[in-house]
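The sequence and the structure come first.

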Amino acid sequence: MKEIDLCCCTFCGRPQKAAKKLIASPNGDAFICDDCIRICADILREENTKVKVFKDLVLPTPKAIKKALDEYVIGQEQAKKVLSVAVFNHYKRINFNYHNIQNAKKSKDDLSQDKNVTELEKSNVLMIGPTGSGKTLLVKTLAKILDVPFACADATTLTEAGYVGEDVENVLLKLIQNADFDIEKAQRGIIYIDEIDKLARKSENRSLTRDVGGEGVQQALLKIIESTVASVPPQGGRKHPHQEMLQIDTTNILFICGGAFVGLDDIIHKRLSASSIGFNANVKNSDEKAKVDYSKDVQPDDLIKFGLIPEFVGRLPIVTGLDNLDEKALERILVEPKNSLIKQYKQMFKIDGFDIKFDDDAVSYVAKKAIQLKTGARGIRTIMESRMLELMFDLPDPNVYDKIIITRDFIENGAQPILVKKEQKSDEQKAV
């Protein structure tokens, strides 16, 4: 016992009596105290963090990104091209800027004084398109292709700090949560803010009353969309005011905003028609009025007249538009994508031992009905779920039947689907 009392920490020299715990090496030649263990753990944690601070993102080319998008999103060719290039340039910029900073540190140069180094700034994206045209799916698929954290927020739930609703910092919290609280990983993620058009001011004139869900939220979003170190409450800001904040730098987070912007086409046509007065004017007819190429025709002034504040418009320099989905596009959406609704149903019924088939007339009817609902691709799921519910609730006997054929009569009128017995199938195969 006396011999142990004479032991001391090999690292700091502290005797056993002064330490809470003294741990001996396997051969008993060396000792380490609890404080030194804690210091070593902190050093290792810092080193691990440094390793994770940055790792070059392996970028597919814009063509490869678009090709991957084609597997999940039908149509919207121009929007896919714009997003592929925008995302590629964004992450290329992150790689470039980081290596410039590291090279400057190695050479002990001041980056701000080096006139030969060009620091690239990020370009956020604004998508304009009707509901159900694939805005959210495009962004979600992009994040999946690049394997970066992704968060989706609804602008209609956001309010100014102090009012009932969500703070804008909660958008960042969703991204951090989806990155498993890895801040460095979250700082290179993608955030999609949907229904951004709902934040528009009701008129161009500033109101004396508070617009807590409109202009105020636009002002609050400005700082996080550009570049700032934001303080994010890990448990939500209003219910837990005394919690420790998480710090996240938004410089390298790509923000993509989307909205239907109903009425923006009228603003654009009004501007175009006003500039077309004169003998040589190219007056567009009423049929052309519905066709607006937002990628080319929209100007910042149009968005400001719609109700977005100039500072917010300036932070979304890349604008692209999505088209209304026609009947043919909806038919393709039902069948072609990797995760199409029909392929999902086939997989679900396969688990129960059934081979399910949708005939062409049924697919065509669902597409026509979805056009009438005017909710884009969302209408497809609405129609299919309402009809397939009954079939999934009252499945035929898998010992008797192994194939189900979905007909138009089943979708339109709720008639029974065609059921093929196992014996019938085997007889058909023998005949062949």
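## Pairing in the sheet

Strand S11 (residues 401–406) and S12 pair in the antiparallel sense, over four bridges. Two strands count as paired if DSSP finds at least two bridges between them; strands (E, at least two residues) and helices (H or I, at least four) are DSSP runs numbered from the N terminus. Lys403 has Val420, in S12, as its bridge partner.

The model is predicted: local features need pLDDT of at least 70, side-chain atom pairs count only at pLDDT 80 or more, and totals for chains, interfaces and linings use all residues. Residues are numbered from 1 along each chain as its sequence is written, and side-chain values use heavy atoms, with hydrogens and water left out.

## The whole sheet

The three strands form an open sheet in the order S10-S11-S12, with mixed pairing. Strands S10 (355–358) and S12 (418–421) each have a single partner strand, so one side of each has no neighbour in the sheet.

## Helices across the sheet

Helix H15 (residues 341–351) lies across S10 and S11, at about 155° to S10. Helix H17 (residues 378–393) also lies across S10 and S11, at about 145° to S10. Axes are lines fitted to C-alpha atoms, for helices over the stretch in contact (heavy atoms within 4.5 Å), and angles run from 0 to 180 degrees between N-to-C directions.
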